[in-house]
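Please keep the sequence and the model in view while reading.

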Amino acid sequence: MNRNELITNIKRKKSFLCIGLDTDIKKIPQHLLKEEDPVFAFNKAIIDATANDCIAYKPNLAFYESGGLKGWISLEKTVKYIRANYPDQFLIADAKRGDIGNTSAMYARTFFEELDFDALTVAPYMGEDSVTPFLSYEGKWVILLALTSNKGSYDFQLTEDGEKERLFEKVLRISQKWGNDENMMYVVGATQGKMFEDIRNAAPGHFLLVPGIGAQGGSLDEVCRYGMNDACGLIVNSSRAILYAGKTEDFAEKAGMEANSVRKEMEYHLSAKGIL
């Protein structure tokens, strides 16, 4: 999916909501455990209930890898189901890969060829040659970690060098030599609030993947106030608050209600910005 298609979908759906499919078999409703593939059964129901209100899904690979081969099968079935039934969805593999060039090339083949994701989260620490193999796929996106929402982000990401440039700012500045706003996004945690102004000063036109609203306490109002640009420029993720809004047989209905509530709030912000 290219940039124009993504922007068109945001306007059409009046939404920039991404739903994180962080499916924990220990948290899904008990009645699903008798299904042949409980994780896929849960995902399918969530997707059917929420697809009209979101523009993206983001499976977190750790939740599938923890299930071994069965987890990978559930992931593949989930991706194929979305592709077959909701082809307008932007699919993000939250895998945080990044290694020496030939290894990154294999990761890129895994997620872009075998699993057909649109985008992949990538760690920038190993530098240019660890990132560029992902950028060789036309129509695919790298989503580079920039400023995350966890408290440990202060350990490295906000440290300054002798020129008073913070590490996350250096990541933004240097990485824009590798890619552009047609194939690279950045992860910025919703809990960073006013820091989005600094992000936008460094990367005014890029899309930002923003985790951290809902269960992690990030403010959608702040994200939109400081991070939205004229093309929206945001894909805001919610995982637990939507996935586990209900804990019994009506879990999918409750998830749909929560997703619709977030979408309506997003519609307000899009209209206020003059995007709709």
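A residue is called buried when its relative accessible area is under 20%, exposed when that area is over 50%, and partly exposed in between. The structure shown is a predicted model.

## A buried arginine

R166 has a relative accessible area of 17%, so this residue is buried, because the limit is under 20%. Its place is the loop between α7 (153-156) and α8 (167-175).

Which side chain makes a polar contact with the side chain of R166? The partner is D198, at 3.2 Å. Apart from neighbours within four places in sequence, R166 is in contact with Q157, L158, T159, E160, M195 and D198.

## Salt bridges

The count of salt bridges in the model comes to 20. In one of them, the side chains of D118 and R83 meet at 3.0 Å, N to O. This pair links distant parts of the chain, for D118 lies in the loop between α5 (101-114) and β4 (119-122), R83 lies in helix α4 (residues 68-85), and the two are 35 residues apart. D118 counts as buried at 5% relative accessibility, whereas R83 counts as partly exposed at 22%.

A salt bridge also joins the side chains of K140 and D116, at 3.1 Å from N to O. Here too, distant parts of the chain are linked: K140 is in the loop between α6 (128-131) and β5 (141-147), D116 is in the loop between α5 and β4, and 24 residues separate them. With 12% relative accessibility K140 counts as buried, while D116, with 34%, counts as partly exposed. Salt bridges that share partners join R83, D116, D118 and K140 into one network. The salt bridges also include that of K194 with E197, whose closest N and O atoms are 2.8 Å apart. E197 counts as partly exposed, at 33% relative accessibility.

Which residues of α4 are buried? They are G71, S74, L75, T78, V79, Y81 and I82. Seen down the helix axis, the buried residues of α4 fall within an arc of 160°, so they line one face of the helix. An α-helix has 3.6 residues a turn, so residues three or four places apart point the same way.

The face of α4 turned away from the buried side carries the exposed residues L69, K70, K80 and A84. What covers the buried residues of α4 includes β1 (17-21), α2 (38-50), β2 (56-59), α3 (61-65) and β3 (90-97).

## Aromatic pairs

The count of aromatic pairs comes to 7. The rings of F42 and Y244 have their centres 5.9 Å apart and their planes at 25°, so this pair is stacked. F42 is in helix α2 and Y244 is in the loop between α11 (240-243) and α12 (251-272), 202 residues apart, and the pair thus links distant parts of the chain. F42 counts as buried at 0% relative accessibility, and Y244 counts as buried at 12%.

The rings of F90 and W141 have their centres 6.4 Å apart and their planes at 80°, so this pair is edge-to-face. F90 lies in strand β3 and W141 in strand β5, 51 residues apart. Both F90 and W141 are buried. One aromatic cluster is formed by F40, Y81 and Y86.

Definitions and conventions:
Residues numbered from 1 in each chain as written. Predicted model: local features only at pLDDT ≥ 70, side-chain atom pairs only at ≥ 80, totals over all residues. Heavy atoms only, no water. Salt bridge = Lys/Arg side-chain N within 4 Å of Asp/Glu carboxyl O. Helix = DSSP H or I, 4+ residues; strand = E, 2+ residues; numbered from the N terminus. Buried < 20%, exposed > 50% of the residue type's maximum accessible area, 1.4 Å probe, protein only. Arc of directions from axis to C-beta. Contact = heavy atoms within 4.5 Å. Polar contact = N/O pair within 3.5 Å; in protein donor to acceptor, adjacent residues only side chain to side chain. Phe/Tyr/Trp six-rings, centres within 6.5 Å; stacked < 30°, edge-to-face > 60°.
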